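Subject: Handover of a structure for your review

Dear colleague,

Please find below the structure that I am handing over to you.

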There are 2 protein chains.
Amino acid sequence: MNKRGMLIILSGPSGCGKGTVVKELLSRRDDTVLSVSVTTRSPRPGEVDGTHYFFRTKEQFEEMIQRDELLEYASYSGNYYGTPLPPIEEWLNAGKNVLLEIEVQGAQKVMERCPDHVSVFIAAPSLEVLEQRLRGRGTEAEEVIERRLNAAKEEMATAERYRYYVVNDEVELAVQRIETILAAESMCYHRMK
Amino acid sequence: MNKRGMLIILSGPSGCGKGTVVKELLSRRDDTVLSVSVTTRSPRPGEVDGTHYFFRTKEQFEEMIQRDELLEYASYSGNYYGTPLPPIEEWLNAGKNVLLEIEVQGAQKVMERCPDHVSVFIAAPSLEVLEQRLRGRGTEAEEVIERRLNAAKEEMATAERYRYYVVNDEVELAVQRIETILAAESMCYHRMK
């Protein structure tokens with residue numbers, strides 16, 4: 001029998017570079033998979049059901065809500081987005097770690113529903129660097145940048161809800177830090193037994 | 001200002017090899033010191049006050065109890081043994097990790113009194129190996145070995161009280177595992193801030 005995998009909850013403000021860190025981490029670890037969200041929005045060209053999202057109808061989504069199969073869900077611009085529990089449970093039982101890249105409110109709900117998790121907050125080295133990165137994209141109006149920066153500051157203030165705080169000064173270092181955390185967490189007594 | 005050090009509580013059954021692991025760990029890390037116990041027994045030849053033990057009179061020891069300066073204490077064959085808090089606090093405030101190698105009952109008291117700790121249980125790979133190691137010393141009577149083995153089994157049953165479970169199959173690996181745990185724990189949010 002496989003040892004049960006770990007549920008890794010990972011959040012961080014816009015501009016912290018978590019997307020790159022997650023991609024690099026997943027490319028190195030075949031014991032870890034990314035959780036796939038479910039949505040009622042239509043697939044965009046190239047998007048594959050079960051890979052990018054689980055694409056479902058509104059009725060199907062609402063049935064999942066009724067069956068309590070969603071760890072969390074929200075509605076944006078008329079579409080539902082949510083985190084389905086059954087595929088996560090399957091992966092965990094198969095011994096895979098499941099990485100959930102999720103915004104702060106959703107993370108909070110998952111932490112409450114799944115107490116056995118590893119929570120990691122990814123932070124930019126400083127607000128100055130975060131601002132540089134948001135500006136560096138060079139494509140946004142000042143107003144958009146200001147709004148994102150304020151949102152990022154609010155998100156930074158939620159870091160205390162996560163067990164681990166990983167500074168993303170360099171992608172390579174950030175990935176190594178997360179791997180160290182996973183190695184340590186796999187030595188927790190309740191996971192060894 | 002230094003970042004506060006971590007209090008590392010380390011236990012394990014007789015024969016698990018924790019003494020060797022601790023010695024090797026300390027030789028590699030100048031950020032980590034071993035907690036020194038206080039005792040009322042007389043120094044043996046070569047024992048240095050403040051290094052091997054803090055040697056104190058019974059009156060001095062009882063004053064420490066009165067002042068609530070001992071994290072835990074016990075009495076064996078007419079002598080007191082205890083873990084003094086003030087030197088530990090000094091080291092932690094100076095940014096050093098303090099390693100407390102302590103038996104199970106004492107560990108429990110320290111965990112309750114100092115909730116911000118890192119607890120590690122060192123285990124032999126199996127009871128068979130533990131028995132081999134206890135027998136391997138070759139100097140003990142069968143009765144003594146049986147008694148130690150039973151004590152070790154009872155101690156193994158307390159492993160669930162510790163956050164981490166480190167198997168000492170090889171000293172080098174066990175030391176690396178503890179270093180991984182310390183690296184991860186130093187990324188805990190409450191220690192980063």
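Two residues are taken to be in contact if their C-beta atoms, placed from the backbone, lie within 7 Å. Please note also that this is a predicted model.

The mixed sheet

With that definition in mind, helix 4 of chain A, residues 104-113, lies across strand 5 and strand 6 (79-84) of chain A. Its direction makes an angle of about 160° with strand 5 of chain A. These two strands belong to an open sheet of four strands in chain A, ordered 4-3-6-5, in which the pairing is mixed. Strand 4 (54-55) and strand 5 (70-76) of chain A are the edge strands, and each pairs on one side only. Strand 3 of chain A, residues 38-39, runs parallel to strand 4 of chain A and is joined to it by two bridges. Within this pairing, A:T39 has A:F55 of strand 4 of chain A as its bridge partner.

In chain B, strand 5 (residues 70-76) and strand 6 (residues 79-84) pair in the antiparallel sense, over six bridges. Here B:S75 stands opposite B:Y80 of strand 6 of chain B. Strand 5 and strand 6 of chain B form a hairpin with two residues between them. In the turn, B:S77 has a positive phi of about 40°.

The parallel sheet

Chain A also has an open sheet of five strands in the order 2-7-1-8-9, and its pairing is parallel. The edge strands of this sheet are strand 2 (32-34) and strand 9 (164-167) of chain A, each pairing on one side only. From one strand to the next, the twist averages 25°. Strand 2 of chain A is joined by three bridges to strand 7 of chain A, residues 97-101, and the two run parallel. A:V33 stands opposite A:V98 of strand 7 of chain A. Helix 1 of chain A, residues 18-28, lies across strand 1 (7-11), strand 2, strand 7 and strand 8 (117-123) of chain A, at about 165° to strand 7 of chain A.

A pair of helices

Helix 5 (residues 127-136) and helix 6 (residues 142-156) of chain A pack at an angle of about 145°, and their axes are 10 Å apart. The crossing of helix 5 and helix 6 of chain A is right-handed. Helix 5 of chain A contributes A:L127, A:L130, A:E131, A:L134 and A:R135 to the contact, while helix 6 of chain A contributes A:I145, A:R148, A:L149, A:A152 and A:K153. Among the residues of this contact, six are nonpolar, four are charged and none is polar.

The nonpolar core

In soluble globular proteins, nonpolar side chains tend to be buried together. The largest nonpolar core here has 86 residues, and the members that touch the most others are A:I8, A:V120, B:I8 and B:V120. Leaving aside residues up to four places away in sequence, B:I8 touches B:N97, B:V98, B:L99, B:L100, B:V118 and B:V120.

Where the chains meet

Contact between the chains involves 17 residues of chain B and 17 residues of chain A. On the side of chain B that touches chain A, strand 9 (164-167), helix 7 (171-185) and helix 8 (189-192) of chain B each give two or more residues. Helix 7 of chain B gives the most, with five residues. That side of chain B divides into 13 nonpolar residues, one polar and three charged.

Yours sincerely

Conventions
Residues numbered from 1 in each chain as written. Chains lettered and ligands numbered in written order. Predicted model: local features only at pLDDT ≥ 70, side-chain atom pairs only at ≥ 80, totals over all residues. Pairing = 2+ DSSP bridges. Axes fitted to C-alpha atoms, helices over the stretch in contact; angles between N-to-C directions. Left-handed = near helix turned anticlockwise from the far one by under 90°. Nonpolar A, V, L, I, M, F, W, Y, C, P; charged D, E, K, R; others polar. Core = buried A, V, L, I, M, F, W, Y, C linked by C-beta atoms within 7 Å. Buried ≥ 20, exposed ≤ 12 C-beta atoms within 10 Å, placed from the backbone.
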